[in-house]
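Please open the model in your viewer and keep the sequence panel at hand. We will go from stop to stop, with something to select at each one.

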Amino acid sequence: MLKVGVVGVGHLGKFHLNNWLEINNVEVVGFVDPNDEVATEVAEKYKLKRFFDVDEFLQLCDAIDIVTPTNFHYEWCERAIKLGKHVFVEKPFAHTMDEARQLVKLAKESNIKLQVGHVERFNPAFLALKEVSLNPMFIEVHRLAQFNPRGTEVSVILDLMIHDIDIILSIVKSDVKKISASGVAVMTETPDIANVRIEFDNGCVANLTSSRISMKKMRKMRIFQKDAYIGIDFLDKKTEIIKLKEPQDKDVFSFDIATPSGNKTIAIANPPVPQVNAIKKELEEFRDAILNNTQPIVNEIDGLKAMDVAHQILEKIGNNRISR
């Protein structure tokens, strides 16, 4: 039985807590949260212990789930790792690159499991592509959200775009060659809307737009590769593949088109989308990595790489502001 403690039971923390309580082979020992009103409500509703003594809390846990504002990630990660506790920490991995690098070092030295909460890796629409060979040459992403003061302690890059950065880095499998970026701070002191172009050594190009001041929500990724277009709707949990039809393609909608090289048959397929809860899935995978001594799907190196690209983007945006 894995003993888990939750740090931070605000909006997202409650989702984590609800899911932990439903996961097999897990015992939730309690939680830590500085907000008396929130903590009292959670303790009464879930009949869980609120800890004031951090040392006691950590000693009773095998693993902790950190769902705090980003600027508290490092201190909680460091303290837990040094005690040999496994760590799940929400994205972004840390507040600064120096903190992230130090946590990678500590995790390696302590031989613990560390997973970063890039939840879109577990989105059903993305999981539907598990058996599909992805070799993108062009990627277009739009992640738009309505304004919400929660999460604005970081820029839209680290709040929203980092989800897509992580997904792209996981499928492109090439080093970043060049980044171009522009962004505008509208409602907060950091960029609230940004457009980014990432060029990779293998020739792939990704264009990303993220906004947290939109009138409507959108979370779509379009992947273009040789002979195929793949559309992923993270919000509505839908996936579409349009490609040249192959002999093994059965029960798919298809039609013929005329091309300079002759007629081609185009197939449109909607791969089955698994009915899973993304947050529960990522927490289950973290549990399994600990119990089976395997590598977490989104480990500390993945978290560091996504942060590195995000901070390069922020630097580019800052330089563009100065040059104007």
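## A histidine between two strands

Select His142 and look across to strand S9, where Thr209 is its bridge partner. Now turn to strand S10, where Lys220 stands opposite His142. Before going on, a word on ground rules: this is a predicted model, in which local features need pLDDT of at least 70 and side-chain atom pairs count only at pLDDT 80 or more, while totals for chains, interfaces and linings use all residues. Residues are numbered from 1 along each chain as its sequence is written, and side-chain values use heavy atoms, with hydrogens and water left out.

Next, colour the strands themselves. Strand S6 (residues 138-144) pairs with strand S9 (residues 205-211) in the parallel sense, over 7 bridges. With strand S10 (residues 218-225), S6 pairs in the antiparallel sense, also over 7 bridges. Helices (H or I, at least four residues) and strands (E, at least two) are DSSP runs, numbered from the N terminus; two strands pair if DSSP finds at least two bridges between them.

## The open sheet

Move to the sheet of 5 strands: it is open, its order is S2-S1-S3-S4-S5, and the pairing is parallel. Select 26-32 and 114-117 to see the edge strands, S2 and S5, each of which pairs on one side only. On average, neighbouring strands of this sheet are turned by 20° against each other, direction ignored. Axes here are lines fitted to C-alpha atoms, for helices over the stretch in contact, and angles run from 0 to 180 degrees between N-to-C directions.

Then pick strand S1 (residues 2-7), which is joined to S2 by 6 bridges, the two running parallel.

## Two helices side by side

Show helix H4 (residues 73-82) and helix H5 (residues 97-110), which pack at an angle of about 15° with their axes 10 Å apart. That makes H4 roughly parallel to H5, a label for angles under 35 degrees.

Which residues of H4 meet H5? Display Tyr74, Cys77, Glu78, Ile81 and Lys82 in H4; they meet Glu99, Gln102, Leu103, Leu106, Ala107 and Ser110 in H5. Contact means heavy atoms within 4.5 Å.

## Zooming out

Finally, show the whole chain, with its 9 helices and 14 strands. The C-alpha atoms fill a box of roughly 75 × 55 × 40 Å, taken along the principal axes.

Definitions and conventions
Parallel < 35°, antiparallel > 145°, perpendicular 65-115°, else oblique.
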